[in-house]
Amino acid sequence: ENSFGSRAQAWASIEEHIDARKTFDWTRPDLTQSALTQSGLTQSAWKPSVVVAGGSEVRFFPRGTPLQLEKERRWTSDAPAVPMELATGGQVEFSLPELAQAFAVLEMDAEDGSAVEISYVLPDGEVIGKCSYVARSGPQTYMGGDTFAFRKLRIRVSAGKIRLTRAAAYEMRYPFERAASFTCSDPFLTQLWGICARSIEVLSEDSFVDCADRERVEWTDDSPPGFDCTRVMMRGPDEGSKTHWGDARILRGLLRRIALTQQPDGQLKAHSCSERWDIHAIMEDRSCDWIVLLREYVESSGDADLVRELWPTLTRLLDWFRKRRTSRGLVLAREWEVWDNPLRYQFCEGAGLNTMVYRALVDAAELAGSIGNRPAAKALAGEAEQLHADFNHLLWNEKEGAYDGGLFGPGSEIRPQLGGTFSGPIVDGRFHPTAQANLFAIYSGIVSPERVDSVRKWILAHLDEVTEPMSHYYLFRMLYAMEDERREAQILELMRKGWKNQVDSEWQTSWEELKKGGGSKAHMYGVHPGYFLTAYVLGAQRDGAVDRRTILIEPRFSGLEWAKGVCVTEFGPVEMEWKLDGARRPEIDCKVPENVTARLRLRSPESGSFLEVDGSAVRVGPMNGWLETSLQSGKHTIRMRT
């Protein structure tokens with residue numbers, strides 16, 4: 001019973017205030033009789049179970065994800081010894097070795113009316129939640145009703161006296177097994193990988209959550225990078241004879257829950273499992289992300305049935321965007337994409353949003369094909385082609401060699417920005433090119449082939465505009481696609497610079513922002529280095545849709561001397577170890593999962609190079625500076641020779 005009255009809302013974890021003198025001891029075997037005695041009732045307040053057979057009012061659905069892991073975490077070695085006596089004003093703290101999303105269990109013998117405060121403390125000393133418990137007389141147990149992210153549990157007696165006999169913390173999270181591993185010649189990157197892996201564990205409950213220390217809400221843009229990381233780093237519990245390497249079930253849940261938020265006009269909420277309605281309730285680019293994620297889910301799982309299930313939601317959503325196409329052909333709606341986008345909140349024909357609409361149309365066409373809906377696939381591909389043409393015609397800035405950030409014409413609005421005002425400038429109805437608009441253009445594939453080099457060059461000349469983690473995610477994707485070892489080394493240098501505060505921090509979790517303040521310090525935005533270090537630097541990942549049963553082995557050495565670990569694929573783990581010899585020629589040992597073909601692709605440092613696989617020469621002609629061959633299941637040793 002909440003002795004402080006009802007709560008109108010809770011931002012994240014729900015604090016509770018319990019007066020145990022008004023409740024029953026739920027752990028007693030004679031609970032019913034105990035309840036009768038304490039309440040003074042003459043008839044049982046507990047009604048027997050009733051068997052309900054059929055009927056439209058009974059609807060049961062199978063749980064889509066496994067039950068969460070519930071595991072007791074040990075305190076650090078300097079934890080105070082129990083039992084201990086605590087009287088009014090007495091306080092004790094128990095510390096965990098790392099941040100965890102957990103609930104507390106206290107066992108005590110108390111004087112009647114003794115008051116206990118239970119505080120959950122973050123690594124920086126901030127109290128994230130404070131619960132209270134008024135004890136009845138005698139032995140009893142307090143168990144927290146919700147989980148909190150905390151490093152320390154603080155127990156204080158504000159009145160009376162207790163004898164604390166046990167204090168425990170139980171971590172609650174998605175039952176991932178960390179199946180990947182990563183070490184390399186740079187200790188900083190090794191530590192950063194571990195931070196990303198731990199952050200994914202803390203930020204995965206029944207769904208991906210954006211942050212553990214502030215709101216615990218499922219947002220569409222939690223993936224990327226959430227699913228990118230989990231599918232190359234984690235394994236979920238088996239389901240009968242089915243294994244879940246990478247475990248797409250958590251993404252499937254997100255897709256279904258977001259679909260349930262669809263509004264009468266067709267739009268989707270940006271987040272689910274929340275009644276929050278504010279400026280961020282509907283975020284148009286997040287809706288496009290939902291379609292992109294649906295395709296990623298199908299390519300990872302092969303589950304086209306989910307496309308059939310969600311197709312009506314998808315078509316209503318696309319209708320929303322169709323209704324907002326102007327006479328020029330672009331979508332007029334609100335800009336967002338990422339926090340460092342200077343056009344965020346502006347209502348215009350924004351380049352960023354239109355690139356995402358294009359990507360959504362392309363992916364929707366592929367999804368239509370996956371369920372055999374050829375007319376829809378053809379029509380959607382045609383819409384995408386038209387938007388591609390309009391975008392490249394209207395937003396290309398020939399002088400800059402890049403795309404303008406947006407057009408401001410009839411129906412546009414200049415809107416206040418969170419924390420400030422929009423200063424423009426808007427010249428002749430256009431906003432100048434931005435790094436974000438051009439990064440999203442590259443990511444979406446809307447850039448005309450003859451302009452790709454120009455756009456990349458412009459972005460590289462404006463890297464000072466890329467300031468936040470998620471812009472770096474799209475930047476890293478672009479740099480790896482350039483297939484230039486100097487750019488790959490640049491990615492690692494950007495990690496060393498941008499993520500230094502996180503590696504140096506006692507939090508040891510990923511942050512929302514790269515600057516020293518960091519925003520939320522247990523946030524999904526900052527985890528993506530774990531994906532790139534695993535899939536690109538260590539160098540193995542799924543190649544194409546899962547039904548191809550093909551992986552790509554292509555380590556990007558990036559200026560490092562060696563790397564070793566395990567990459568997770570949907571087909572199982574890929575053991576990888578590589579090092580460079582004195583001439584910086586690679587020596588690689590790997591293990592390809594059963595019933596899988598691997599495409600091995602290595603950069604050729606000089607003409608005349610060839611590959612030696614398991615002691616036998618494999619002569620392959622260089623293809624644009626790369627050597628490529630195939631590997632079958634099993635262990636392999638690869639050497640590059642000249």
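**Rings, cavities, cysteines and strands**

Colleague: Which residues do ring pairs link into a cluster?

Modeller: Rings of Phe, Tyr and Trp (its six-membered ring) pair if their centres lie within 6.5 Å, and a pair counts as stacked with planes under 30 degrees apart, as edge-to-face over 60 and as tilted for the rest. Ring pairs of this kind link into one cluster Phe440, Tyr443, Tyr473, Tyr474, Phe476, Tyr480, Trp499, Tyr531, Phe532 and Tyr536.

Colleague: What pLDDT do side-chain atom pairs need in order to count?

Modeller: Residues are numbered from 1 along each chain as its sequence is written, and side-chain values use heavy atoms, with hydrogens and water left out. This is a predicted model, in which totals for chains, interfaces and linings use all residues, local features need pLDDT of at least 70, and side-chain atom pairs count only at pLDDT 80 or more.

Colleague: What is the centre-to-centre distance in the aromatic pair of tryptophan 320 and phenylalanine 321?

Modeller: The structure holds 27 aromatic pairs. In the one formed by tryptophan 320 and phenylalanine 321, the planes stand at 80°, an edge-to-face arrangement, and the distance centre to centre is 5.0 Å.

Colleague: Why is the pair of phenylalanine 408 and phenylalanine 422 stacked, and how many residues apart in sequence are the parts that the pair ties together?

Modeller: The ring centres of phenylalanine 408 and phenylalanine 422 are 6.3 Å apart and the planes lie at 15°, so the pair is stacked. Strands (E, at least two residues) and helices (H or I, at least four) are DSSP runs, numbered from the N terminus. Both phenylalanine 408 and phenylalanine 422 lie in the loop between β19 (402-407) and β20 (426-427), so the separation in sequence of the parts tied together is 14 residues.

Colleague: Which helix gives the most to the lining of the largest cavity?

Modeller: A cavity is a set of points, on a 1 Å grid over the protein atoms alone, where a 1.4 Å probe fits but cannot get out, and lining residues have an atom within 4 Å of a point. About 80 Å³ of space lies in the largest cavity, with volume taken as the space filled by probe spheres set on the points, which are joined across faces, edges and corners. Residues of the lining include Asp221, Asp285, Glu337, Phe440 and Tyr474. At least two lining residues come from each of α5 (284-301) and α11 (469-481), and the helix that gives the most, with 3 residues, is α5.

Colleague: Which helix supplies the largest share of the lining of the second largest cavity?

Modeller: About 50 Å³ of space lies in the second largest cavity, whose lining includes Leu318, Phe321, Arg322 and Glu383. Two or more lining residues come from each of α6 (305-322) and α7 (351-370), and the largest share, 3 residues, comes from α6.

Colleague: How many disulfides does a search of the whole structure find?

Modeller: A disulfide is a pair of cysteine sulfur atoms within 2.5 Å. The sulfur of cysteine 348 is 14 Å from the closest cysteine sulfur, in cysteine 288, too far for a bond, and the sulfur of cysteine 567 is 10 Å from its closest cysteine sulfur, in cysteine 590, also too far. The number of disulfides found in the whole structure is 0.

Colleague: In β26, which residue is the bridge partner of glutamate 575?

Modeller: Two strands pair if DSSP finds at least two bridges between them, and strand β25 (residues 572-580) is joined to β26 by 6 bridges in the antiparallel sense. Within β26, the bridge partner of glutamate 575 is lysine 591.

Key. On a 1 Å grid over the protein atoms alone, a cavity is a set of points where a 1.4 Å probe fits but cannot get out, and a pocket is an open set with protein on both sides within 12 Å along at least five of seven lines; lining residues have an atom within 4 Å of a point.
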